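Trainee: I would like to learn how to read a structure. Please take me through some features in turn.

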Amino acid sequence: MELHTILPQIIADNQLHARWLNTLSLMENTGARKISASEDPATVTYIILKHAAEEHRHAFYLKKQIEKTGKELPTYAAEYLIAPAYSKYYLNQLDIDVCRYLKRELNLTGAELRFAAYLLVTYAIEVRADELYPIYQNALEEVGSKVNVKSIILEEEGHLEEMINQLQKFSPDWEGHAQKAVEMETRLFNDWVGNLSAEVN
């Protein structure tokens, strides 16, 4: 089942919708914490700080949107999420898969590995965000929901450009490496959507 089919079902049920927003917030927060964890204390750049700050803000913004559903979900505890185990597994597994690939293909270790993984994982997630949030926004508009994610869409588009700029400096073969990361993410994303579908239906 695809997001186009699942999202209208989620939006139609305020409790499910609140849990969906909380799940997206969890994932944005996980991404922000992963970016911060990959930082080198001495050489961290303006772009990386900006990106981490914006992902944290997205997590907060999505959490705030829950109020518009009339529900209150205080934490990221499992009962307040949709497909909680897989939603947490998805980004962590992508990180592991990309790190394995970089060790195998480029023999990277330490700080170099952390930075390269940040670039590829974040690129793959931004490609996904550029697809997911517009689908969600369209579904919201179709039913006249008070919830909206337009500000996130604008920032995610900027993030993707920034990631491409950083990847171009990282490697002349960046497109091949980025494509591998996207393939890994696509498998995990499809599994995640399957888990969402199983819980919604």
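Trainee: Is Leu49 buried, partly exposed or exposed?

Mentor: Some ground rules come before that. This is a predicted model, in which local features need pLDDT of at least 70 and side-chain atom pairs count only at pLDDT 80 or more, while totals for chains, interfaces and linings use all residues. Residues are numbered from 1 along each chain as its sequence is written, and side-chain values use heavy atoms, with hydrogens and water left out. Now the term: buried means under 20% relative accessible area, exposed over 50%, and partly exposed in between, with a 1.4 Å probe and protein chains only. Leu49 has 44% relative accessibility, so Leu49 counts as partly exposed.

Trainee: Where is Leu49 placed, and which residues does Leu49 touch?

Mentor: Leu49 is in helix H3; helices here are DSSP runs (H or I, at least four residues; strands are E, at least two), numbered from the N terminus. Contact means heavy atoms within 4.5 Å. Not counting residues up to four places away in sequence, Leu49 touches Glu39 and Val44. From Leu49 to Met163 there are 114 residues in sequence and 13 Å in space, C-alpha to C-alpha.

Trainee: Why does Gln65 count as buried?

Mentor: Gln65 has 3% relative accessibility, so Gln65 counts as buried. Gln65 also belongs to helix H3. A polar contact is a pair of N or O atoms within 3.5 Å; within protein, one must be able to donate a hydrogen and the other to accept it, and residues adjacent in sequence count only if both atoms are side-chain atoms. In this case a polar atom of the Gln65 side chain lies 3.1 Å from the backbone nitrogen of Asn148. Beyond four places in sequence, the contacts of Gln65 are Leu21, Lys146, Val147 and Asn148.

Trainee: Which residues touch the most other members of the largest nonpolar core?

Mentor: The general idea is that nonpolar side chains tend to be buried together in soluble globular proteins. A nonpolar core is a set of buried Ala, Val, Leu, Ile, Met, Phe, Trp, Tyr and Cys residues joined through side-chain atoms within 4.5 Å. The largest one has 61 residues, and Trp20, Val98, Leu102, Tyr133, Tyr136 and Trp192 touch the most other members. Helices H1, H2, H3, H4, H5, H6 and H7 each supply at least two residues of this core, and H5 gives the most, with 16 residues. Leaving aside neighbours within four places in sequence, Tyr133 is in contact with several residues, including Leu24, Leu62 and Ile152.

Trainee: How many residues line the largest pocket?

Mentor: On a 1 Å grid over the protein atoms alone, a pocket is an open set of points with protein on both sides within 12 Å along at least five of seven lines, and lining residues have an atom within 4 Å of a point. The largest pocket is lined by 28 residues, of which Met27, Gly31, Leu91, Val121 and Ile125 lie nearest its centre. H2, H3, H4, H5 and H7 each give two or more residues to this lining, with H5 giving the most, 11 residues.

Trainee: Which residues line the second largest pocket?

Mentor: Ser38 and Glu39 are among them, as are Ala111, Phe115 and Tyr118. H5 provides the largest share of this lining, 3 residues. Ser38 lies in helix H2 and has a relative accessible area of 13%, so Ser38 is buried. The Ser38 side chain reaches the backbone oxygen of Ile35 at 2.8 Å.

Note on methods:
1 Å grid on protein atoms, 1.4 Å probe; cavity = no way out; pocket = protein on both sides within 12 Å on 5 of 7 lines; lining within 4 Å.
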